[in-house]
Amino acid sequence: MRRFTLRTGIRWKITVAIASVGALVTIALSLVVHSAARVSMLESAREVQLDRVQFISRNADAGRKPPMGAKLNDPELPAELRHKAQSGRRGTYIQERPRGAPEVWAAVPLGNGQVLSLHTPFREGAANLIADLDRALVIGGLSGVIGGSALGVLIGGQISRRLRKAAAAAQRVAHGDPDVRVRDAVGGVVRDETDDLARAVDAMADALQQRLEAERRVTADIAHELRTPVTGLLTAAELLPPGRPTELVRDRAQALRALVEDVLEVARLDSASERAELQDVALGEFVSRRVTSLMPEATVRVVADEIVSTDPRRLERILGNLLANAARYGQSPIQVDVEGRVVRVRDHGPGFPEALLREGPSRFRTGSTDRAGVGHGLGLTIAEGQARVLGARLTFRNVAARGGSEREGSAAGAVAVLWLPEHAPTATGSFPVLKLPQG
């Protein structure tokens, strides 16, 4: 079962985190301030109400009628406050209302056993003040969240930009550009963890490059050293008397010589020292003649011919390796199509291995256990390297069987596609600068 993954940028993660923290802080602060302000105002109202009822109680003791709305033995007096006053203590009480402002009660005991009380609703001005305070807290909180989000977008965008530059540079390193440095691509004045990551990637790339260079030198040196004894072995095999053992020795010696030449060719391609010797050729006619000489049983179809500037020797090498791979690992019929600057070589075998489709050609690996002992895996590697010298692109895919898939073993054939560039590389291996039309 495939897991669902949600991909999002680090910029928005930082923004959401800052906005969430700001919103939580704003809500908590608003609740605390609102509660503290309300309690403070109610306590002030209690004190004022108690002072007023005490002032009125002096006139009540003198036998006068209680002024200012005060009442003696008010039946609406809350029971809790009544009991407290009857026990000889003065007190206040806040009576909440389902709707409207709360009532502020104050009561004091009189000398004749009566209770003098006074109640007024919480002042409307104080309630409005709390509402204004709540509104100010909300506006301030929203402003803080918006400002924090903008800051998060700014900071996250800068970090995201640096990481994207680092990722792009790392991709170029992975594609074989040894001159790219992630730290230089990241740039910036501020030093942070992104710089540490960039330096680590650069150090890893340098170590891998040194190891690859060492392996290439060793491979080239071994192949070069083997060239002379293999040539001597072939010469000595020619002097052997005719017979089956002699044929076997010559065959194996020829195979060993071909392997040494292939390894030397791979080493030259890896060193990036190869340069194309360009000629203008009619691609359809060229492919038809070469395929006929290399594999007469293969069919060639020219859909559209075109004049291309390329290296005929390298192009023939690519065609030869693709045809040899199709004959060795595929099945007939083998078909070659030419359409403009595109050349397709198709067989009707089990298809390319999944590892090759996923990772590309790999030297000394044929990619399938049933091919063990047959070939050395350098044919497609050389074809891809020669295509790179020509500035071309070589891709591989399988043809899906009817009602099946493109996986190896269930495919209806393998297709290698050579895409020749519209602008061929110069003699130095670079591409010409295109001049845009004026006006």
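Trainee: Which residues line the largest cavity?
Mentor: The lining is made up of Leu322, Asn325, Ala326, Val345, Asp347, Phe352, Ala414, Val415 and Ala416. Keep in mind that this is a predicted model.
Trainee: Which elements each supply at least two residues of that lining?
Mentor: Helix α8 and strand β11, which covers 411-419, each do that.
Trainee: And how much space lies in the largest cavity?
Mentor: About 50 Å³. The structure holds two cavities of 30 Å³ or more.
Trainee: OK, on to α8. How many residues does it have, and how far does it reach?
Mentor: α8 has 18 residues, 312-329, and spans 26 Å from first C-alpha to last. That is close to the 26 Å expected at 1.5 Å a residue.
Trainee: Which of its residues are buried?
Mentor: Quite a list: Pro312, Arg314, Leu315, Ile318, Leu319, Gly320, Asn321, Leu322, Leu323, Asn325, Ala326 and Tyr329. Leu322, Asn325 and Ala326 turn up in the cavity lining as well.
Trainee: Why would residues three or four places apart point the same way?
Mentor: Because an α-helix has 3.6 residues a turn.
Trainee: What does aspartate 311 do at the start of α8?
Mentor: One of its side-chain oxygens comes to within 3.1 Å of the backbone nitrogen of arginine 313.
Trainee: What about glycine 391, is its phi positive or negative?
Mentor: Positive, near 75 degrees, and glycine 391 follows α10.
Trainee: Now alanine 253. Where is it?
Mentor: Alanine 253 is in helix α6, residues 244-270.
Trainee: Buried or exposed?
Mentor: Alanine 253 has a relative accessible area of 2%, so it counts as buried.
Trainee: What is it in contact with, leaving aside neighbours within four places in sequence?
Mentor: Val230, Leu233 and Leu234. Threonine 231 is 22 residues from alanine 253 in sequence, and their C-alphas are 8.6 Å apart.
Trainee: Last one, zooming out. How many helices and strands does the protein have?
Mentor: There are 10 helices and 11 strands. Of the 439 residues, 34% are buried. The protein exposes about 27000 Å², with carbon and sulfur atoms supplying 56% of that.

How values were computed
Residues are numbered from 1 along each chain as its sequence is written. This is a predicted model: local features need pLDDT of at least 70, side-chain atom pairs count only at pLDDT 80 or more; totals for chains, interfaces and linings use all residues. Side-chain values use heavy atoms; hydrogens and water are left out. Helices (H or I, at least four residues) and strands (E, at least two) are DSSP runs, numbered from the N terminus. Buried means under 20% relative accessible area, exposed over 50%, partly exposed in between (1.4 Å probe, protein chains only). Contact means heavy atoms within 4.5 Å. The expected span of a helix is 1.5 Å times one less than its number of residues. A polar contact is a pair of N or O atoms within 3.5 Å; within protein, one must be able to donate a hydrogen and the other to accept it, and residues adjacent in sequence count only if both atoms are side-chain atoms. Accessible areas come from the Shrake-Rupley method with a 1.4 Å probe; for residues, only the protein chains shown count as cover. On a 1 Å grid over the protein atoms alone, a cavity is a set of points where a 1.4 Å probe fits but cannot get out, and a pocket is an open set with protein on both sides within 12 Å along at least five of seven lines; lining residues have an atom within 4 Å of a point. Grid points are joined across faces, edges and corners, and a volume is the space filled by probe spheres set on the points.
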